[in-house]
Structures are given as structure tokens and as C-alpha cells.
Amino acid sequence: YSITSDNILGKEFGLGKKASLMPYGAFRAMYVTRPAFNESGLEALEVEGNDAWSAKPRAGVELKGAIPLGANTAWQLKGTLDLAYEYELADLNEREKARLIAVEDGYHKLSKPEDEKGTFRTKAAIGLEVEDRYGIFLTGEYSTGNDKEDDYRAGVTLKAVF
């Protein structure tokens with residue numbers, strides 16, 4: 001189970017009729033509880049549950065734009081580009097522990113969560129929308145800096161306002 005709160009504070013500046021730029025600061029806080037579990041059988045494993053916390057401040061800038069697709073139509077081509085840097089504040093997570101139920105009394109320490117480094121994130125979305133009612137968007141995200149590997153994500157977002 002987990003709960004996350006992501007708060008953003010920024011000021012939007014108009015760059016014209018259909019474009020804006022918003023520098024912002026943000027703070028994401030997350031709590032995760034990992035329940036304990038037991039296996040059954042001759043070599044049954046027991047993992048001790050624990051809690052995990054995350055606190056990440058973030059600074060970034062978001063650029064938004066829209067282009068009407070005709071003079072008398074509600075259709076618009078919309079796009080968003082978001083550049084941000086975030087950093088995990090502290091090593092708040094405990095090391096998980098496990099043991100073989102039939103063989104051992106004490107627990108073994110599993111891998112310790114690594115300290116996170118800062119991460120640079122870029123998000124982009126482009127799509128068609130009917131005047132803040134319905135839309136379909138292609139989304140992408142790229143992040144680098146925390147691991148040796150870069151992270152890529154792509155998706156489709158459907159929008160419906162009732």
C-alpha cells in the first residue's frame with residue numbers, strides 16, 4: 001500500500017494567446033508499507049514487513065502551447081514540454097529482512113536501498129483536444145542521472161471531462 005502527495009507551486013506567464021511558460025517548485029512525499037508474508041512448504045521463506053518513505057523536492061519549467069485547427073472548430077493541437085530536476089532528500093528506508101522458517105531463527109539482511117542521486121527529467125505530450133472536453137495525447141518521458149542506465153517511457157493518454 002502507498003500514498004503519495006505531489007504539490008506544485010509555480011507562476012504561469014503568457015507568451016501569446018495560446019502559449020505559456022511556468023517555472024515551478026514542487027515537493028513529492030510518499031509513504032509505502034510492505035506487508036510481511038510467509039510461504040508454505042519444506043523450504044518456506046518469511047519476509048519481515050517494513051515501511052518506506054520518500055521526500056523529493058523538484059524544480060522545473062513547463063512550456064505549453066495550442067494551435068487551433070480551423071477558424072470555426074473546437075479542435076486544437078496541444079503540446080506540453082516539462083524539464084525538471086529532483087533529488088531524494090535522505091536515506092529513509094530500512095533494510096528488508098528474511099529467513100527460512102524451518103531452518104533459521106534469525107533474519108538475513110536483504111539488499112539495502114541505495115541512496116538516490118539527483119535526477120533530470122524531461123516530459124513531453126502532444127495531441128488533439130476538443131476545447132477542454134475530449135482528447136488523445138501521445139506522451140513520453142526521459143530521465144537520467146540516478147543510475148548508469150537512462151529511463152525511457154512512452155504512453156497514450158485519453159482525456160474526457162464531464
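Arg-153 counts as exposed, because its relative accessibility is 53% (buried means under 20% relative accessible area, exposed over 50%, and partly exposed in between, with a 1.4 Å probe and protein chains only). The structure is a predicted model, in which local features need a pLDDT of at least 70 and side-chain atom pairs count only at pLDDT 80 or more, while totals for chains, interfaces and linings use all residues. Residues are numbered from 1 along each chain as its sequence is written, and side-chain values use heavy atoms, with hydrogens and water left out.

**Confidence and overall composition**

- The average pLDDT of the protein is 84, and 88% of the residues score at least 70; pLDDT is the predictor's confidence in each residue, on a scale from 0 to 100.
- The protein has 0 helices and 12 strands, where helices (H or I, at least four residues) and strands (E, at least two) are DSSP runs numbered from the N terminus.
- Of the 162 residues, 22% count as buried.
- The accessible surface comes to about 11,400 Å², of which carbon and sulfur atoms hold 58%; such areas come from the Shrake-Rupley method with a 1.4 Å probe, and for residues only the protein chains shown count as cover.
- Among contacts (heavy atoms within 4.5 Å) with a separation of 6 or more, 53% join residues 24 or more positions apart.

**Salt bridges**

- Side chains of opposite charge can pair when their charged atoms come close.
- The whole structure contains 10 salt bridges, each defined as a side-chain nitrogen of Lys or Arg within 4 Å of a carboxyl oxygen of Asp or Glu.
- One of them joins Lys-56 to Glu-86, with the closest N and O atoms 3.8 Å apart.
- This pair links distant parts of the chain, since Lys-56 lies in strand β6 (residues 50-68) and Glu-86 in strand β7, 30 residues apart.
- Lys-56 and Glu-86 are both buried.
- Lys-159 pairs with Glu-129 in a salt bridge whose closest N and O atoms are 2.8 Å apart.
- That pair also links distant parts of the chain: Lys-159 belongs to strand β12 (residues 151-160) and Glu-129 to strand β10 (residues 119-130), 30 residues apart.
- Lys-159 counts as partly exposed because its relative accessibility is 28%, whereas Glu-129, at 2%, counts as buried.
- Arg-153 and Asp-151 meet through their side chains in a salt bridge of 3.4 Å, N to O.
- Asp-151 has 29% relative accessibility and therefore counts as partly exposed.
- Through shared partners, salt bridges join Asp-6, Arg-28, Lys-56, Arg-58, Glu-86, Arg-121 and Glu-141 into one network.

**Surroundings of Arg-58**

- Arg-58 is located in strand β6 and counts as buried because its relative accessibility is 10%.
- Its side chain makes a polar contact of 3.3 Å with the side chain of Asp-6; a polar contact is a pair of N or O atoms within 3.5 Å, where, within protein, one must be able to donate a hydrogen and the other to accept it, and residues adjacent in sequence count only if both atoms are side-chain atoms.
- Leaving out residues up to four places away in sequence, Arg-58 touches Asp-6, Ile-8, Tyr-24, Gly-25, Ala-26, Arg-28, Ala-84, Tyr-85 and Glu-86.

**Nonpolar surface patch**

- Ile-67, Leu-69, Trp-75, Leu-77, Ile-126, Leu-128, Ile-136, Leu-138, Val-156 and Leu-158 make a nonpolar surface patch of about 960 Å².
- The elements that contribute two or more residues to this patch are β7, β10, β11 (134-144) and β12.
- Patches consist of residues with over 30% relative accessible area and no salt bridge, with like charges joined within 9 Å and nonpolar side chains (Val, Leu, Ile, Met, Phe, Trp, Tyr) within 5 Å.
- Val-156, in strand β12, is exposed because its relative accessible area is 55%.
- Leu-69 lies in the loop between β6 and β7 and is partly exposed, its relative accessible area being 41%.
- Leu-69 touches Trp-75, Gln-76, Leu-77 and Leu-128, residues up to four places away in sequence not being counted.
- From Leu-69 to Leu-128 the separation is 59 residues in sequence and 9.3 Å in space, C-alpha to C-alpha.

**A loop position**

- Glu-39 sits in the loop between β4 (37-38) and β5 (45-48) and counts as partly exposed because its relative accessibility is 41%.
- Glu-39 and Leu-100 lie 61 residues apart in sequence and 9.3 Å apart in space, C-alpha to C-alpha.
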